[in-house]
Amino acid sequence: MVGLRSLPAWRAARDHQQRLANVHLRELFAGDAVRAERLSLEAGGLLLDYSKNRVDDDALASLFALARDAGLQGRIDAMFAGDPINETEGRAVLHTALRAPRDARTLVRGEDVVPMVHGVLDRMADFAERVRSGAWSGHDGRRIRNVVNIGIGGSDLGPLMAVEALRPYANPRLRVAFVSNVDASDFVSRTAGLDPAETLFVICSKTFTTEETLTNARTARRWLLDSGADEAAVAKHFVAVSANREEVERFGIDRINMFELWDWVGGRYSYSSAAGLSLMLAIGRDNHREMLDGSCVMDEHFRTAPFERNAPVIAALLGLWYSEFFGWESQCVLPYSRDLHRLPAHLQQLDMESSGKQVRMDGSRVDHPTGAILWGETGTNAQHAFYQLLHQGTHFVPCDFIGFAQSHDDIGSHHDLLMANFFAQTEALAFGRSAKQVAAEGVPDDLVAHRTFDGNRPSNTILADRLTPSVLGQLVTFYEHKVFVQGCLWGINSFDQWGVELGKALASTILAEIESEDEPKLCHDASTNALIQRYRERR
């Protein structure tokens, strides 16, 4: 397999980075009066302003050439065609089919999957409407007032993020909570004050064998039965999202209350599948469909727009530009919306589980960095937490700022103040404040260095009118495709996650040792053996 650094365009991009390494953003803007206009584009309802990046036209041209040399268009076409591009697992990658319109066609092994996707969506919509209207009741006839989603990873992070993001669209009569951690405190805190007779559990696990999820599900089952309900009540208070019908039925959930997942949907890409059942329960069928349609808008933009005007492609290439040629290892996502406070966590899994790979698809070792350490927090909280490092630290961290022209909660001058900070921070990062400017303000000489901002720190700005279901769909899909593009350029498989397996296997062995009534023979390293023994003595 041809490595990234063997491509001719890679050498051209490296040369442009060396040329621009000491060029300041102040110079780039001063020399181009229309830079902000030229280096911005609209995709659906999102405006992407990438002008505050340390690139010029020639550098960008070399990055687009690199994408072409790497065969990116062919990989995009293969994904949308349903080819098995997840080669280590022999699977297609078709989260795009989850939001396709009814009249679309997407073939997997010769079968059009769109009708079955819409079949599941229709069943979800029917079920959601019955719960939301009160037609579906608990075992004693009382209305369902609480929904608790039990899952982990993609079965938790995506749906939780979306429920929080779309808070203004949720049914106020239905509380939706999420339990993911096997730490008992998670289950106890999320169910505190809930009435089991008014609570519906959505058990979300593709295999229905995930240990953390099944442990929490069994605890939920016992919690219901301990309230005085009988075994027959389980069918009224538990539904499943899974691909394993046999295990679902063994748990006691009626097969008609299982909503299907497929092997061509990866967990971190699954929030728009049946894994989003809790989300549909919260916001209803129409808002859920609007979100899927928004994703479809970004899918079509990504599939058809030329690279030079393709938002996910541009964002991906800029991320690669900084990791490959500048050696910067992290990226910060900063939503200036409290409703998006779980977006960084969702994007952490999406990006770091997809791109945290050390071998190419053919098994050969990569000779370049892959994947950024992704982190973030909402503005303006983040400004009072870690912006010191972003502005004056020795680490350079490219940032994505996400903001909205309108707020759902229009109170006084709150939103204007929020957005004033939003715009100010990207300006400060890019242009800083020179020592000469600081001194001219009358700052004492011994403090000038402390109050100087070098600037030249890059950022993207994503601006939309309002955080609607459609805009959320577009935003998440933008990042999905950005991650895919970077994986294509690095030659890695963005859709497997073998790195999570070893810890799971070791945990199973250690659990048996911890729970053994006899003194177990511990065969780990000296540190792990001693720690297990200490835990057994003191638990």
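Reader: What makes E10 and E11 a pair of strands?

Author: Four bridges join strand E10 (residues 330-335) to E11, and the two run parallel. Strands pair if DSSP finds at least two bridges between them, so E10 and E11 count as paired. In E11, Leu374 is the bridge partner of Gln331. The strands themselves are DSSP runs of E with at least two residues, helices are runs of H or I with at least four, and numbering starts from the N terminus.

Author: A word on the source. This is a predicted model, in which local features need pLDDT of at least 70 and side-chain atom pairs count only at pLDDT 80 or more, while totals for chains, interfaces and linings use all residues. Residues are numbered from 1 along each chain as its sequence is written, and side-chain values use heavy atoms, with hydrogens and water left out.

Reader: Why are E1 and E11 called edge strands?

Author: The open sheet has six strands in the order E1-E2-E13-E12-E10-E11, with mixed pairing. Strand E1 (40-43) and strand E11 (373-376) each pair on one side only. From one strand to the next the twist averages 20°.

Reader: How do you know that H14 packs on the sheet?

Author: Helix H14 (residues 343-355) touches E10, E11 and strand E12 (399-404), where contact means heavy atoms within 4.5 Å. The direction of H14 makes about 175° with that of E11. Angles run from 0 to 180 degrees between N-to-C directions, and axes are lines fitted to C-alpha atoms, for helices over the stretch in contact.

Reader: Why are H13 and H19 called oblique?

Author: The axes of helix H13 (residues 311-326) and helix H19 (residues 469-490) cross at roughly 50° and come within 8 Å. Under 35 degrees counts as roughly parallel, over 145 as roughly antiparallel, 65 to 115 as roughly perpendicular and the rest as oblique. H13 and H19 are therefore oblique to each other.

Reader: Which residues of H13 and H19 meet?

Author: Among them are Ala311, Leu317 and Ser323 in H13, and Phe478, Lys482 and Trp490 in H19.

Reader: Why is Met116 called partly exposed?

Author: Met116 has a relative accessible area of 27%. Buried means under 20%, exposed over 50%, and partly exposed in between (1.4 Å probe, protein chains only). Met116 is therefore partly exposed. Met116 lies in helix H6 (residues 114-133) and touches Glu111 and Trp262, not counting residues up to four places away in sequence.
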